Amino acid sequence: MVRVLGIDPGLQRTGWGVIDLRDNHMRHVANGVVSSTQSLSLAERLNQLYTGLIAVIETWTPDEAAVEETFVNKNPVSTLKLGQARGVALLAPARSGIPVTEYTPNAVKKTVVGAGHAAKQQVEMMVSTLLPGCEIAGADAADALAVAICHAQHAGNRALAASMAAKPAGKGRPTGNGRKYR
């Protein structure tokens, strides 16, 4: 079993979601949001996010982490602040010894919904479908769970590719054209 922490970075609200992956089966563990106080300095807000993410890591002890990459928007100041929050989202698991993988927003949406430009509501609906019984703590937590699901799907694909590469020829290993060696 592998426990995955997905993180959707934001300066006001950083979403997080934890899932367990066993074989190709995903199970929701927990999700939530770490918030920062807008009236504080940037350094204090980043510290709030870091402290909150460390508490999540200590509570749920993930094996791997996945973070959504920053998209560039029209406001360079907002983009820079989001990048700093993303730095905290990368730092917290890395400092805890957890390997971190990054995914673009389009890759996350395409993996979870099937379309790279899906709306937030579509992402939340698919997260609920893929993790039945999950009570999502808001849009940021849904996005974080989507990042974790994306990582789980990609990890499953990597594991399958590795196992197929390890099989010797003649043992049912498929060729590039879909046929099996005989």
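Analyst: Happy to. A strand here is a DSSP run of E with at least two residues, and strands are numbered from the N terminus. In this predicted model, Glu102 has its place in strand 5, residues 100–103.

User: How many helices and strands does the protein chain have, and what pattern do they follow?

Analyst: The protein chain has five helices and five strands. Along the sequence the pattern reads β-β-β-α-β-α-β-α-α-α.

User: Staying with Glu102, why is Glu102 called partly exposed?

Analyst: Its relative accessible area is 37%. Buried needs under 20% and exposed needs over 50%, so a value in between is called partly exposed. Glu102 therefore gets that label.

User: What does Glu102 touch beyond its neighbours within four places in sequence?

Analyst: The contacts of Glu102 there are Val67, Glu69, Arg86 and Leu90. For Glu69, which is 33 residues away along the chain, the C-alpha atoms are separated by 6.0 Å.

User: What makes Met26 count as buried?

Analyst: Met26 has 19% relative accessibility. The cut-off for buried is under 20%, so Met26 counts as buried. Met26 sits in strand 3.

User: Which residues is Met26 in contact with, leaving aside those within four places in sequence?

Analyst: They are Ile19, Asp20, Leu21, Leu131, Ile149, Ala152 and Gln153. A contact means heavy atoms within 4.5 Å. As for Val4, 22 residues from Met26 along the chain, the C-alpha atoms of the two are separated by 9.9 Å.

User: How do you know that strand 1 and strand 2 pair?

Analyst: Two strands pair if DSSP finds at least two bridges between them. Strand 1 (residues 2–8) and strand 2 are joined by seven bridges and run antiparallel.

User: Why is strand 2 described as mostly covered?

Analyst: Strand 2 spans residues 13–22, and eight of its 10 residues are buried. For the protein chain as a whole, 40% of the 182 residues count as buried.

User: Where is Thr61, and is Thr61 buried or exposed?

Analyst: Thr61 lies in the loop between helix 1 (42–60) and strand 4 (64–68). Its relative accessibility is 52%, so Thr61 counts as exposed. Thr61 also has a positive phi, about 40°, although it is not a glycine.

User: Let us turn to the largest pocket. What is its volume, and which residues lie nearest its centre?

Analyst: The volume is about 570 Å³. The lining has 26 residues, and Asp8, Pro9, Glu68, Phe71 and Leu82 lie nearest the centre. The elements giving two or more residues to this lining are helix 2 (76–95), helix 3 (105–112), helix 4 (120–130) and helix 5 (139–166).

User: How do the lining residues divide by type?

Analyst: Eight are nonpolar, eight polar and 10 charged.

User: Asp8 is in that list, so why is Asp8 called buried?

Analyst: Asp8 has 7% relative accessibility, and buried means under 20%, so Asp8 counts as buried. Asp8 lies in strand 1. Not counting residues up to four places away in sequence, Asp8 touches Arg13, Thr14, Gly15, Glu68, Asp140, Asp143 and Ala144.

User: Lastly, what share of the accessible surface belongs to carbon and sulfur atoms?

Analyst: That share is 53%, out of about 9,900 Å² for the protein chain.

Key. Residues are numbered from 1 along each chain as its sequence is written. This is a predicted model: local features need pLDDT of at least 70, side-chain atom pairs count only at pLDDT 80 or more; totals for chains, interfaces and linings use all residues. Side-chain values use heavy atoms; hydrogens and water are left out. Helices (H or I, at least four residues) and strands (E, at least two) are DSSP runs, numbered from the N terminus. Buried means under 20% relative accessible area, exposed over 50%, partly exposed in between (1.4 Å probe, protein chains only). Accessible areas come from the Shrake-Rupley method with a 1.4 Å probe; for residues, only the protein chains shown count as cover. On a 1 Å grid over the protein atoms alone, a cavity is a set of points where a 1.4 Å probe fits but cannot get out, and a pocket is an open set with protein on both sides within 12 Å along at least five of seven lines; lining residues have an atom within 4 Å of a point. Grid points are joined across faces, edges and corners, and a volume is the space filled by probe spheres set on the points. Ala, Val, Leu, Ile, Met, Phe, Trp, Tyr, Cys and Pro count as nonpolar, Asp, Glu, Lys and Arg as charged, and the others, Gly among them, as polar.
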